[in-house]
Amino acid sequence: MTNTSSPPARTAEVTRNTAETQISVRVNLDGTGESRLATGIGFFDHMLDQIARHGLIDLDIQAQGDLHIDGHHTVEDVGITLGQAFAKALGDKKGIRRYGHDYVPLDEALSRVVIDLSGRPGLEMDVPFKSGMVGAFDTQLTFEFFQGFVNHAFVTLHIDNLRGENAHHQAETVFKAFARALRAALEIDPRAAGTIPSTKGSL
């Protein structure tokens, strides 16, 4: 008899509450790019929207943080919570492509992102931002977001801004390239159905 059952939904919901932030995240890794975002930092919401739209991931992120201090705790904790949700939604990683990479340009800016859904957290990031702030977003917090994400999604991530003179463009190419690389890595490989993409037998 042919098995016509659908594969399990790759969805997750995670809530993280601390003395500094209250965050809830819902993800659907096989979505259409829909997003509902409210972090209190407009440019950060714009960057999270790039992950949803270009990664074809449905994202619902609601965050309240101590923005009267600065955006550090909010951005970092969103990265942590999103990473936890991704790890939960991915499950045993059977049948995924595992690796993904992409280049994205925006006018003068160009970024490259390479990702391995390895089970091992690691971040290498070289993004020489030409400005410290974009709107109310401190560009240094880009690193904190991705560091939080990789530590809790258990992925290896290499991010390089190859050129750029406008910090908005630099950031946007980074987040778009991340989204597209992630989309490629998350895809189910029909030639590897039901198998773990590792000689170790687990990720």
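1. H2 and H3 are roughly parallel to each other, because their axes cross at roughly 25°. The model in which this arrangement is seen is a predicted one. H2 covers residues 72-90, and H3 covers residues 141-153. The axes of these two helices come within 7 Å, and their crossing is right-handed.

2. The contact between these two helices can be followed residue by residue. On the H2 side, the residues involved are His 72, Val 75, Glu 76, Val 78, Gly 79, Ile 80, Leu 82, Gly 83, Gln 84, Phe 86 and Ala 87. On the H3 side, they are Leu 141, Glu 144, Phe 145, Gly 148, Phe 149, His 152 and Ala 153. By class, the contact of H2 with H3 comprises ten nonpolar, six polar and two charged residues.

3. A further helix pair is formed by H1 (residues 42-55) and H4 (residues 167-186), whose axes come within 8 Å and cross at roughly 30°. This angle makes H1 roughly parallel to H4. The crossing of H1 and H4 is right-handed.

4. In the contact of H1 with H4, H1 contributes Phe 43, His 46, Met 47, Gln 50, Ile 51, His 54 and Gly 55. From H4 come His 168, Ala 171, Glu 172, Phe 175, Lys 176, Phe 178, Ala 179, Arg 180 and Arg 183. Seven of the residues in this contact are nonpolar, five are polar and four are charged.

5. Turning to the strands, E1, E2, E4 and E3 form, in that order, an open sheet with mixed pairing. E1 (11-17) and E3 (35-38) are the edge strands; each has a single partner, so one side of each lacks a neighbour in the sheet. On average, and ignoring direction, neighbouring strands of this sheet are turned by 5° against each other.

6. E1 and E2 (residues 21-28) run antiparallel and are joined by seven bridges, with Arg 16 opposite Ile 23 of E2. E2 and E4 are also paired in the antiparallel sense, over eight bridges, and Val 25 lies opposite Ile 61 in E4. By contrast, E3 and E4 run parallel, with four bridges between them; here Ala 38 stands opposite Gln 62 of E4.

7. Which helix makes a β-α-β unit with E3 and E4? The helix is H1, and the unit formed by E3, H1 and E4 is left-handed. The handedness of this unit is a point that the reader may wish to examine in the structure.

8. H1 touches E3 and E4 (58-65), and its direction makes about 160° with that of E3. H2 touches E1, E2 and E4, and the direction of H2 makes about 35° with that of E2.

9. Another open sheet of four strands has the order E5-E6-E10-E7, again with mixed pairing. Its edges are E5 (99-106) and E7 (122-126); each of them pairs with a single strand, so one side of each has no neighbour in the sheet. Neighbouring strands here are turned by 10° against each other on average, direction ignored. E5 and E6 (residues 109-116) run antiparallel and share eight bridges, and Leu 106 has Ala 109 in E6 as its bridge partner.

10. H3 touches E7 and E10 (156-163), and the direction of H3 makes about 160° with that of E7. H4 touches E5, E6 and E10, and its direction makes about 150° with that of E5.

How values were computed
Residues are numbered from 1 along each chain as its sequence is written. This is a predicted model: local features need pLDDT of at least 70, side-chain atom pairs count only at pLDDT 80 or more; totals for chains, interfaces and linings use all residues. Side-chain values use heavy atoms; hydrogens and water are left out. Axes are lines fitted to C-alpha atoms, for helices over the stretch in contact, and angles run from 0 to 180 degrees between N-to-C directions. Angles under 35 degrees count as roughly parallel, over 145 as roughly antiparallel, 65 to 115 as roughly perpendicular and the rest as oblique. A crossing is left-handed if the near helix is turned anticlockwise from the far one by less than a right angle, and right-handed if clockwise. Contact means heavy atoms within 4.5 Å. Ala, Val, Leu, Ile, Met, Phe, Trp, Tyr, Cys and Pro count as nonpolar, Asp, Glu, Lys and Arg as charged, and the others, Gly among them, as polar. Two strands pair if DSSP finds at least two bridges between them. A crossover is right-handed if, with the strands pointing away from the viewer, the path from the first strand over the helix to the second runs clockwise.
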